[in-house]
Amino acid sequence: MARLSILLLAAIVAVSSAFVPATNTAVRATHQVAFAPKISEQSSTTLFAEDMTWEGEFPPSKVLGPIMSKMPSSTLAIISMVSLGVCAYSCVQSGLLLREPGAVEDGSWVKWYYIVEGLGGPLAWGTHVASWIQRKNGM
């Protein structure tokens with residue numbers, strides 16, 4: 001029982017560390033390393049990833065990428081609802097196949113197209129979050 005308590009305590013500490021305010025992680029080294037590549041100050045910024053941090057309740061549209069950042073909120077919401085509907089249909093149909101006699105024993109209830117349709121659940125979640133971001137940004 002003591003091991004379980006220690007394990008639970010360690011898990012709680014690990015999870016709660018995710019909610020600690022982030023410190024400045026981009027610290028420049030004060031010393032030069034001989035084998036590090038030298039990048040001149042005039043070089044293009046295309047070599048570096050764009051900073052995606054934000055302040056406030058919601059992120060800017062640029063975090064959605066080049067395609068979804070240009071889509072209106074209503075389009076993303078429709079995509080989310082269709083994806084959720086496809087996922088729900090897949091779950092219901094798989095459940096109906098499970099009721100057939102002998103389906104579990106021979107695995108006939110597993111259909112590849114229901115597995116693919118089941119990916120609509122995560123897609124629905126992602127597009128509904130993208131729709132919320134776009135709505136908050138006025139699109």
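**Helical architecture and local packing of the predicted model**

At 58% relative accessibility, leucine 119 counts as exposed, a class that requires over 50% relative accessible area, whereas buried means under 20% and partly exposed covers the values in between (1.4 Å probe, protein chains only). Leucine 119 lies in the loop between α5 and α6. Its C-alpha atom is 8.8 Å from that of valine 86, although 33 residues separate leucine 119 and valine 86 in sequence. The structure is a predicted model, in which local features need pLDDT of at least 70 and side-chain atom pairs count only at pLDDT 80 or more, while totals for chains, interfaces and linings use all residues. Residues are numbered from 1 along each chain as its sequence is written, and side-chain values use heavy atoms, with hydrogens and water left out.

The protein contains 6 helices and 0 strands, where helices (H or I, at least four residues) and strands (E, at least two) are DSSP runs numbered from the N terminus. The order of elements from the N terminus is accordingly given as α-α-α-α-α-α. Of the 139 residues in the protein, 17% are buried. The accessible surface comes to about 11,300 Å², and carbon and sulfur atoms account for 68% of this area; accessible areas come from the Shrake-Rupley method with a 1.4 Å probe, and for residues only the protein chains shown count as cover. Among contacts (heavy atoms within 4.5 Å) between residues at least 6 apart in sequence, 72% join residues at least 24 apart.

Helix α6 comprises the 17 residues 120-136. The buried residues in α6 are Gly120, Ala124, Thr127, Ala130, Ser131, Ile133 and Gln134. These buried residues pack against α2 (65-68), α3 and α5 (112-118). Serine 83, in helix α3 (residues 73-98), is itself counted as buried because its relative accessibility is 8%. Beyond residues up to four places away in sequence, serine 83 touches Gly120, Gly121, Leu123 and Ala124. Just after α6, glycine 138 adopts a positive phi of about 80°.

A search of the whole structure finds 2 aromatic pairs. Tryptophan 112 and tyrosine 113 form an edge-to-face pair, at 5.6 Å centre to centre and 80° between the planes. Tyrosine 113 also pairs edge-to-face with tyrosine 114, at 4.8 Å centre to centre and 70° between the planes. Rings of Phe, Tyr and Trp (its six-membered ring) pair if their centres lie within 6.5 Å, and planes under 30 degrees apart count as stacked, over 60 as edge-to-face and the rest as tilted. The ring pairs link Trp112, Tyr113 and Tyr114 into a cluster. Tryptophan 112 is exposed at 65% relative accessibility, tyrosine 113 is partly exposed at 35%, and tyrosine 114 is buried at 12%.

Methionine 1 is found in the segment before α1 (2-16) and counts as exposed, at 78% relative accessibility.

Conventions: Expected span 1.5 Å × (residues − 1).
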